[in-house]
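Dear colleague,

Please find below the structure that I am handing over to you, together with its sequence. A short account of what was found follows.

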Amino acid sequence: MRIFLPCCVFLWAMLPQSDMQSAVPATVLNCCEGDILVLLDSSGSVAHYEFSRLLRFTADLLRPFSLGAGHVKVGLLQVGTSPKLAFDLNAHDSQESLQAALQHVRHLQGDTNNVAALKVAQRLLTETEESLPKILLWLTDGAQPGDVVEPLMELKERGVSVLIVSTVHGNYQVFQRAVTPPLESHLYFVEFDNVAIITEDLRKAIIKIIRAERLYVVHLTSHSAVLQWRPILTADSGIYELWYSSGKTDFETRLTISGGSSRVELTNLQPDTTYTAYLRPESNQRLFDTLSVTFTTLPDVVSPSVVSVSDSGPHQIRVSWGPLQPARVQRYTVEYGAIPSGQVRTVTFHSQQNSTLLTGLDQDTQYLVTVSALHVDGKERAMSVRACTQEAAPPALTDLQLTPVQPQEVQVAWRAHQEGLKGYWLKWERKNSQASPVSSIYLSPSSHSTRLTHLSPGSQVCVSPVYSSGLGDGLCCTALHTG
């Protein structure tokens, strides 16, 4: 906690405002990622000129930050009789937009309803991405804060850092319980006439919470890792020193990377091995902390490790394999044959092909399919699967004809494929039937016609072939002029 008195800031107060605003620390640009919700006392207990100074202070405090997704997001919630959201955390992705919005924020006057405003703040800060750091920056005159400890404690329990700037008349006992430690950098008591003197210290405290200088892995395989970091340097301001090693050996690999880079790929790593990488920005302008990350490469995968079948039909099967490893594999070979003692056929493919359609197969037959890979080191790896072709669909009836013979009688004739034929099902509608109006009869495979009597007017006659594999598609005709 810090208390600032007017006598300490007389010289600052004499400085032109333009000089203060032009002193934007370049090192803050692109430094951070997180959410900052400013809770601004806009009630009637704050004089209009004090409100204007708080707005100017807020603008100067936030001016150096890069805004938008992947950077800093800023929202402004005003305290009055009812809380008013001046703009939410996703409203501004540029300083130009933010600064213009701050100039248009109006003094609400009215009561100081901090509790209602904190309920809105809870909703705004807890509905955003959980992994990002969040800050509630409360700017208040400290007068009659109300029962704010409980809602602020709830925010802190959800990972929100609470920072407070109050006048020297604020309730220290309440605020020291509400603020997130450490008090010396997160709680300030200062007259609003002199609030600008805390700008740098408060900004440093904010940066410490949301600083995004971190090293992380964005892609990982069994033999490589891609590391990425938020740009800290430029091509002209310095270089990065990177080194990494595993616990299995004392050998350390070192790299020098351009200051304009923000990612690097580490290759020739050992599979299923834990590595620790360190990145140190080197610059004459300032000292930077060394970043680090620990990761474990994936277990080694030697192709083929997966073989699958699809698009199965009566005479074909599609075989796929993976993963593709053209740098490690010379060629693939697919061998297939019917089980148990069918002829084995072989097909060879280049190292960048991972599927083929096997055709000319026997229907309703089980095949053993083996995919093997010849690697560049001379070793060979194979993997086998069993696959079945489908049974062919039974043939359909090829022709059906109805010929009127007598009133209510027709001659029915048909034709069908003879291979595997077991017989025919014939169905028709009978006139004045005492039982079921639909009659059916099973006929031998040698039958090709029959006569039906006592047909109902407009009766439908259907004939379906029966094969050993099932019922084939039939044909239907309507008997006309039956009397």
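Nine bridges connect strand β20 (residues 366-375) with β21, and the two run antiparallel. Within this pairing, Val-369 lies opposite Val-385 of β21. Please note that the model is a predicted one.

The two strands belong to an open sheet of four, arranged in the order β18-β17-β20-β21 with antiparallel pairing. Strands β18 (345-350) and β21 (380-388) stand at the edges with a single partner strand each, so one side of each has no neighbour in the sheet. On average, neighbouring strands of this sheet are turned by 20 degrees against each other, direction ignored.

I turn next to the charged side chains.

Arg-53 and Asp-193 meet through their side chains in a salt bridge, at 3.3 Å from N to O. This pair links distant parts of the chain, 140 residues apart: Arg-53 sits in helix α3 (residues 48-62), while Asp-193 is in the loop between β7 (187-190) and α9 (199-210). Arg-53 is partly exposed, with a relative accessible area of 29%, and Asp-193 is likewise partly exposed, at 34%.

A salt bridge also joins Glu-252 to Arg-254, with their closest N and O atoms 3.2 Å apart. Glu-252 is partly exposed at 36% relative accessible area; Arg-254 counts as partly exposed at 48%.

Finally, the side chains of Glu-282 and Arg-280 form a salt bridge at 2.7 Å, N to O. Glu-282 has 30% relative accessibility and counts as partly exposed, and Arg-280, at 30%, is also partly exposed.

Yours sincerely

Terms used
Residues are numbered from 1 along each chain as its sequence is written. This is a predicted model: local features need pLDDT of at least 70, side-chain atom pairs count only at pLDDT 80 or more; totals for chains, interfaces and linings use all residues. Side-chain values use heavy atoms; hydrogens and water are left out. Two strands pair if DSSP finds at least two bridges between them. Axes are lines fitted to C-alpha atoms, for helices over the stretch in contact, and angles run from 0 to 180 degrees between N-to-C directions. A salt bridge is a side-chain nitrogen of Lys or Arg within 4 Å of a carboxyl oxygen of Asp or Glu. Buried means under 20% relative accessible area, exposed over 50%, partly exposed in between (1.4 Å probe, protein chains only).
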